[in-house]
Amino acid sequence: METLMSVVIGILFAIGVYLLLSRKLLRIILGSSLIAHGANLLILTMGGLKKGGVPLLEREAPSYTDPIPQALILTAIVINFALTAFLLVLAYRTYVSVGTDDMEQMRGLEDE
Amino acid sequence: MSWLHLLILTPFLYTILVPFLYKGLRRIHTGWFVLPVPALLFVSLARQIPQVAEGGTLSYELPWIPSLGINFTAYLDGLSLMFGLIITGVGALVILYSIYYLSKEREALHNFYVYLLLFMGAMLGVVFAENVLVLYLFWEMTSISSFLLIAYWYQRKSSTYGAQKAFMITIAGGLAMLTGVLLLGNITGTFSIREMIAQFAVIQGHSTFIPAMVLILLGAFTKSAQFPFHIWLPDAMEAPTPISAYLHSATMVKAGIYLIARLTPIFGGNMVWFWLVAGVGLITLFWGSFVAVKQTDLKAMLAYSTIGQLGIIVSLLGIGSAALYSGVAEAGALYTTAILGAVFHLVNHSTFKGCLFMVVGIIDHEAGTRDIRRLGGLMNLMPVTFSLAVIGSFSMAGLPPFNGFLSKELFFTGMLNASQFGIFHLETWGRLLPFVAWVGSVFTFVYCMIFVLRPFMGKYQPQKLEKKTHEAPWGMLFPPMILAGLVILFFFFPNVLAKYLLYPAMAAILPGFVAADSGLGTIAAWHGWTPELLMTLGVVGIGTIVFLAFRKWRGIIVRVPARFTWSALYDNFLAKTEGFAARFTDFYMTGRLRDYLLYIFAIFITVSGGSMLINGGFAFDPTGASPIALFELVLVLVLVGAALMVLWSRTRLTAIIGLGIAGYLVAAFFVIFRAPDLALTQLVVETVTTVLFLLCFYFLSSWQGKNEKVGWRVPELVIAVGVGLVVTIMALSAQGNRVFEPISRFYESAYELAGAKNIVNAILVDFRGFDTLFEILVFCMAGIGVHTLIKLRGEGKNPK
């Protein structure tokens with residue numbers, strides 16, 4: 001499973017990077033979201049998959065899944081969400097002010 | 001703090017007073033207030049002459065940064081005393097001259113004297129500093145103050161150009177010198193010059209000896225305007241003439257010579273040093289004299305003649321350094337004459353060149369031009385100036401009864417002796433040395449004659465001049481008269497000078513030689529029919545012929561060097577460098593986010609992937625992996641499909657839906673991988689994110705035009721696939737490279753420690769609560785940011 005997940009993560013990263021390199025603002029944000037998914041899954045995979053029970057102590061299990069990656073991912077999800085929300089509003093504002101969401105056309109504006 | 005430290009610092013301290021004196025006492029020329037400073041310093045230095053002549057040295061230590069071995073130690077021996085006397089003596093005369101030269105109504109005198117005093121203090125610091133790093137500090141201060149003085153008339157373009165050029169070249173050399181000095185410090189473990197000299201044998205045998213020597217010589221050569229770094233000196237002639245006389249003939253250009261002389265006991269006696277110093281000096285002599293002949297501006301001619309004369313001194317220092325190879329016992333007059341010639345000519349050059357610059361300043365001041373094509377017949381109008389010019393230039397040409405004759409004779413003696421050395425391949429190349437020196441002297445003679453005869457002889461042409469020419473005021477004539485007096489005095493009493501100044505200076509350059517008294521003769525004006533005298537006669541004879549025929553071959557000489565000027569090379573180099581830098585920046589700083597991301601990812605791939613490849617970090621070990629159920633495989637495929645849907649979607653809506661699907665699938669994976677909290681959060685967050693995306697979707701423009709498809713772009717594709725591959729490989733290798741057990745066991749006692757049964761939540765709020773705190777902060781900041789962006793609009797800057 002870990003091997004398979006590694007490959008999937010690679011694919012998510014590749015697609016995310018490809019989207020990041022495109023010209024449309026919305027695509028760039030989509031790309032960063034995909035990369036975030038990839039990164040979260042990567043953290044989880046690195047902790048080892050499906051080894052032991054759910055990390056809840058009331059479920060008596062001989063061993064539990066590693067809880068640290070989960071805590072880390074939880075933090076990462078929230079931060080990523082905050083970032084995505086901000087980026088989206090920024091994109092919206094940019095579009096309203098500049099009149100384009102094409103990175104190529106935003107080059108060399110006078111305000112730079 | 002000793003009197004010697006105070007002596008170095010006095011000019012610096014006095015600069016604070018100068019602006020007040022200038023503003024407060026406008027009616028008196030500020031120069032009068034400055035004049036006592038160098039005069040007093042000169043007197044206090046002169047009082048040391050008897051003691052130093054006895055072989056005494058003074059050393060005062062003042063700790064500055066003791067932990068780094070940097071002490072501001074002031075050291076006075078023959079060499080530094082000689083330089084100190086030149087600096088303060090010529091400095092006093094130059095200030096006196098400048099009082100009459102610069103108008104107190106029109107000029108910014110406070111700037112002038114502040115810069116000049118800064119320079120004087122820095123120069124004194126250079127010659128009295130015993131620590132090489134302190135020496136370097138003062139060295140750079142001379143560069144800076146010289147830069148300020150050259151650009152004194154900063155409204156003129158040529159002044160700023162000259163100042164910039166001088167600064168660039170001397171600072172480049174200074175930095176090379178700093179490197180060399182640090183290398184030396186590394187070899188010896190000290191920055192004190194005297195302690196370095198004590199480790200002569202250690203240094204000479206060290207592997208970084210040659211690099212240190214070459215780097216330090218670069219500093220000395222750039223400062224002393226040696227070939228091919230001489231190009232800044234003619235352009236520095238844009239400075240006021242007193243400055244040219246002071247900095248660019250008597251003091252700053254001799255800082256490099258001082259450095260060479262001071263470090264001769266460390267580097268001398270080595271073949272590389274011998275040939276570098278002597279060779280560069282001779283080339284400089286030849287080139288400077290040759291180019292000086294074709295100048296039409298008197299100051300430019302003096303600038304090139306300074307270059308040539310400095311070449312003489314440097315080459316003599318190089319030749320004399322061979323004495324350290326042979327040792328005290330063998331070294332007779334054969335080796336040491338060259339050093340004597342060097343220090344003697346150094347003093348002489350300061351006198352006659354200072355005098356000549358002042359003469360040019362007088363001509364410029366009284367006739368309004370320095371161009372020899374417009375000047376002529378000034379002899380009857382300016383008899384005193386003419387006499388001074390004759391004394392100065394005949395001395396420079398090496399004619400009796402002026403001091404230049406004596407040092408020129410010593411120069412020839414040194415060169416002739418050098419051709420008889422049996423060391424350093426001199427048996428093969430030595431014959432060239434006297435010849436080159438002789439040719440250089442012929443050119444020297446020619447330009448000296450041009451200098452005297454063109455402006456003063458011939459016909460007076462008032463229609464070409466802006467002013468009505470008349471003799472200069474006495475105050476202006478007085479300083480060059482003193483210098484001219486010294487020129488004659490040194491000719492008739494050279495041995496007084498030698499006893500009190502030259503031998504002590506030699507003792508510093510060749511430690512042990514003067515004490516051993518190995519054949520240091522007296523300087524005599526007449527030694528009989530020696531080869532040197534015949535050479536001088538030859539110089540005069542051939543020089544006269546060349547001068548008389550000058551009009552015939554001037555066309556050739558003017559045309560030839562114009563094509564190969566080193567200045568053109570320098571300008572070209574600067575322009576090319578700037579052009580290249582601009583093109584290079586334009587090439588990679590495209591202003592496209594895409595390109596910058598490409599660089600970042602490309603570097604990520606090469607560095608991460610490359611280091612894994614090189615270090616063999618790739619390890620694939622699937623043994624501990626958990627099994628794959630069929631439905632998991634299906635989920636994986638759907639996730640990949642959703643991601644591809646984002647990529648390939650023709651409309652934004654499909655892309656957003658694809659991202660939503662991917663997000664929910666990630667939540668599903670969290671369920672499978674036993675992370676209930678993650679799954680919950682992911683579901684909620686994904687929902688809200690999708691809503692936000694949809695909001696933006698509503699406002700943003702459609703994909704370019706109408707639902708256009710993304711074409712494949714190859715570089716992006718390669719980079720994207722590369723990043724994916726590297727990440728996959730890293731993920732796989734990380735699993736195969738598990739080094740130690742995870743620390744998660746500890747958190748299983750969450751209930752005992754924190755009273756929580758949900759381990760993940762216990763970690764978030766208890767064990768690692770700080771993370772959560774700042775995560776909340778991030779969230780708040782994002783919220784405020786969003787609010788600000790929507791509510792606060794730019795005031796009229798970018799109206800919709």
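Modeller: Before we start, burial labels here go by relative accessible area: buried is under 20%, exposed is over 50%, and partly exposed lies in between (1.4 Å probe, protein chains only).

Colleague: Fine. What sort of model is it, and how are things numbered?

Modeller: It's a predicted model, where local features need pLDDT of at least 70, side-chain atom pairs count only at pLDDT 80 or more, and totals for chains, interfaces and linings use all residues. Residues are numbered from 1 along each chain as its sequence is written, chains are lettered from A and ligands numbered from 1 in the order in which they are written, and side-chain values use heavy atoms, with hydrogens and water left out.

Colleague: Start with B:Ser103. Where does it sit, and is it buried or exposed?

Modeller: B:Ser103 is in the loop between helix H5 (78–101) and helix H6 (109–128) of chain B. Helices are DSSP runs of H or I with at least four residues, strands are runs of E with at least two, and both are numbered from the N terminus. B:Ser103 counts as buried, because its relative accessibility is 15%.

Colleague: Which backbone nitrogen does its side chain reach at 3.0 Å?

Modeller: That of B:Arg106. A polar atom of the B:Ser103 side chain also lies 3.1 Å from the backbone nitrogen of B:Glu105. For polar contacts, the rule is a pair of N or O atoms within 3.5 Å; within protein, one must be able to donate a hydrogen and the other to accept it, and residues adjacent in sequence count only if both atoms are side-chain atoms.

Colleague: And B:Ala151, what does it touch?

Modeller: B:Ser159 and B:Ala163, leaving aside residues up to four places away in sequence; contact means heavy atoms within 4.5 Å. B:Ala151 is in the loop between helix H7 (132–150) and H8 of chain B, and at 14% relative accessibility it counts as buried.

Colleague: What about B:Glu716, who's its partner at 2.4 Å?

Modeller: B:Arg594, in a salt bridge. B:Glu716 sits in helix H33 and B:Arg594 in helix H29 of chain B, 122 residues apart. B:Glu716 is buried at 0% relative accessibility, whereas B:Arg594 is partly exposed at 26%.

Colleague: Which residues make up the salt-bridge network?

Modeller: B:Arg592, B:Arg594, B:Asp595, B:Arg713 and B:Glu716.

Colleague: Now the interface. How much area is buried between chain B and chain A?

Modeller: About 8,600 Å², with carbon and sulfur atoms giving 74% of that. Buried area is the accessible area (1.4 Å probe) that two parts lose on being put together, summed over both. The contact takes 103 residues from chain B and 84 residues from chain A.

Colleague: How many salt bridges across it, and how many polar pairs?

Modeller: Zero salt bridges, and eight residue pairs in polar contact, both residues at pLDDT 80 or more. On the chain B side, the elements giving two or more residues include helix H29 (593–615), helix H33 (714–736) and helix H36 (769–791). The residues on that side divide into 64 nonpolar, 21 polar and 18 charged, where Ala, Val, Leu, Ile, Met, Phe, Trp, Tyr, Cys and Pro count as nonpolar, Asp, Glu, Lys and Arg as charged, and the others, Gly among them, as polar.

Colleague: Last one: which residues of chain B does the UniProt domain annotation cover?

Modeller: Residues 713–791, labelled "domain: MrpA C-terminal/MbhE" in the unreviewed UniProt entry. UniProt positions follow the numbering used here, feature names are shortened, and annotations may be inferred rather than shown by experiment. In the model, that span of chain B is 76% helix and 0% strand, with its end C-alpha atoms 39 Å apart.

Technical notes
Salt bridge = Lys/Arg side-chain N within 4 Å of Asp/Glu carboxyl O.
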